[in-house]
Amino acid sequence: MATPIKRIEKDFLLKVLYDEQIPLMYLRNRTEYILYVEKPAKTEIFLKADRPIIGLKPKRKLDLIFDYRGQIISFVVDVVSVKDERILADAPEFLYKNLDRSFSRVTTPHDMQVQLTFRGDRYSLNYPRISEYEAEEMGNFMNNLDSRNLSGLIEQMAAWIKGYANGYKLVIFRDVKPTTTEERIISETGKTFYIPSTQNSFPDVDPYPKKRIITIDMFKRYLESTGVDIAYIDDAISRYLKAKYDAGFFSDLWVPLLFQEYVIGYIHIWINKEGKLPFDYGVIDTLYQFAKVLAFSLKQNGYFEKGRLKNEPFEGKVVDISASGLLFAYPHSNRSSSLLPDSELSVKLIAPKRIISANARIVRRYKDHTTGYFGCRFLDMAPEDMRFLFEYIYGKPFTDTDAVFLAGQV
């Protein structure tokens, strides 16, 4: 992942760019320009290009990269003024290393069209929505389960739960809306509500790489969002846990049912009698898998069919492109709200001499008041298409030297 460079190191590198006259590379309209820093950078940076950059104007951005002792560094500057080959720009706020894209980004060639289509089925459903996308990946858990037999799955889950809990409840947010504290927080976050022991507290940390648990800090933020004064949050948590314990709950677990970006319900299990161990992460893992299979089974049984959307190609405004991905913009709409990280798209790149078809995954998104911006990584582009795209957007043959210089991680 791209890592911002700390201020002291950033200042050092900007100084080195001038002192050692390290070349900066800028790619525009399939042309490579080499720039050098003319004066020590302070609040502004003075650059000189090897020739005038065609089409560059004030208020435009320059996406620059350079190689410092084998480490590729990138930064972006806002152009203040341009006169021939000399450029004045605001000094960069951040420099980045450990770039997570494989090749340098450039402005999309004017004669290229890009068509995008959602991969797989997409839905517009009347369930709580979160800002993440849950892919349908069952793994080996499905080996001994019949996903089409919904009632059979529920019976198998109930039988398994009896070995670890005294009771359970399966709720679908079809005819009911989230009302309790637990229902609201899992429907807002899409994460598991877990109290190992009501005589202690919530987990301090989430051990899962892709975060899955509501930690104590998350619960505090939720309480604050509901109007609890920050000075009384610890007391509110203590009273909440005491009320749970007094009601007979010793260990409590609520696992959301996730379908794409929707929280369609939850599985609640609890211990309210002596003789069973508190829930641990192994219980969470298995119940989480049951939740995924149940959501998949509901889909297979046509539960969401009325909300299925027609998959039609659409054109986003491509901001920039590289040999490994692209960044596109799309106005705020129902479609853009479905463009979530981990969503996959089919991409068709239409150039005058070739049409390239590939799949891409959205890896990041951000937005302003009117538009969403979506960074995509190509997944399975054929080597010959990759070579063509490289030579088409960068305007030069693909060589080993270019691969080393343009690679995000060397």
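Guide: D252 has a relative accessibility of 0%, and since buried means under 20%, this residue counts as buried. The structure is a predicted model, and in it the side chain of D252 meets that of K244 in a salt bridge, with N and O 2.4 Å apart. K244 is buried as well, because its relative accessible area is 9%, which is again under the 20% cut-off.

This pair belongs to a count of 23 salt bridges, and another of them joins the side chains of K61 and D78, with a distance of 2.6 Å from N to O. K61 lies in strand β5, which covers residues 61–68, while D78 lies in strand β6, which covers residues 71–83, so this pair ties together parts that are 17 residues apart in sequence. With a relative accessible area of 54%, K61 is exposed, whereas D78, at 32%, counts as partly exposed.

A further salt bridge is formed by E305 and R308, whose closest N and O atoms are 2.8 Å apart. E305 counts as partly exposed at 39% relative accessibility, and R308 is partly exposed too, with a relative accessible area of 40%. Through salt bridges that share partners, E305 and R308 are joined with D121 and K299 into one network.

From these charged pairs we can turn to a sheet. Six strands form an open sheet in the order β9-β16-β17-β18-β15-β14, and their pairing is antiparallel. At the edges are β9 (113–118) and β14 (317–321), each of which pairs on one side only. On average, neighbouring strands of this sheet are turned by 35 degrees against each other, if direction is ignored. In general, strands of a sheet pair through backbone hydrogen bonds, either parallel or antiparallel.

Within this sheet, strand β17 (residues 354–367) and strand β18 (residues 371–378) run antiparallel and are joined by seven bridges.

The side chain of S336 reaches the backbone nitrogen of S333 at a distance of 2.8 Å. If its neighbours within four places in sequence are left aside, S336 is in contact with Y330, P331, R365 and F374.

The mean pLDDT of the protein chain is 87, and 93% of its residues reach 70 or more. Confidence is highest in strand β12 (residues 193–195), at a mean of 97, and lowest in helix α9 (residues 400–406), where the mean is 55. Over residues 406–410 pLDDT stays under 50, although the model has 21 contacts beyond four places in sequence for this stretch. Where pLDDT is low, the predicted coordinates should not be read in detail.

How values were computed. Residues numbered from 1 in each chain as written. Predicted model: local features only at pLDDT ≥ 70, side-chain atom pairs only at ≥ 80, totals over all residues. Heavy atoms only, no water. Polar contact = N/O pair within 3.5 Å; in protein donor to acceptor, adjacent residues only side chain to side chain. Contact = heavy atoms within 4.5 Å. Pairing = 2+ DSSP bridges. Helix = DSSP H or I, 4+ residues; strand = E, 2+ residues; numbered from the N terminus. Axes fitted to C-alpha atoms, helices over the stretch in contact; angles between N-to-C directions. Salt bridge = Lys/Arg side-chain N within 4 Å of Asp/Glu carboxyl O. Buried < 20%, exposed > 50% of the residue type's maximum accessible area, 1.4 Å probe, protein only. pLDDT = per-residue confidence, 0-100.
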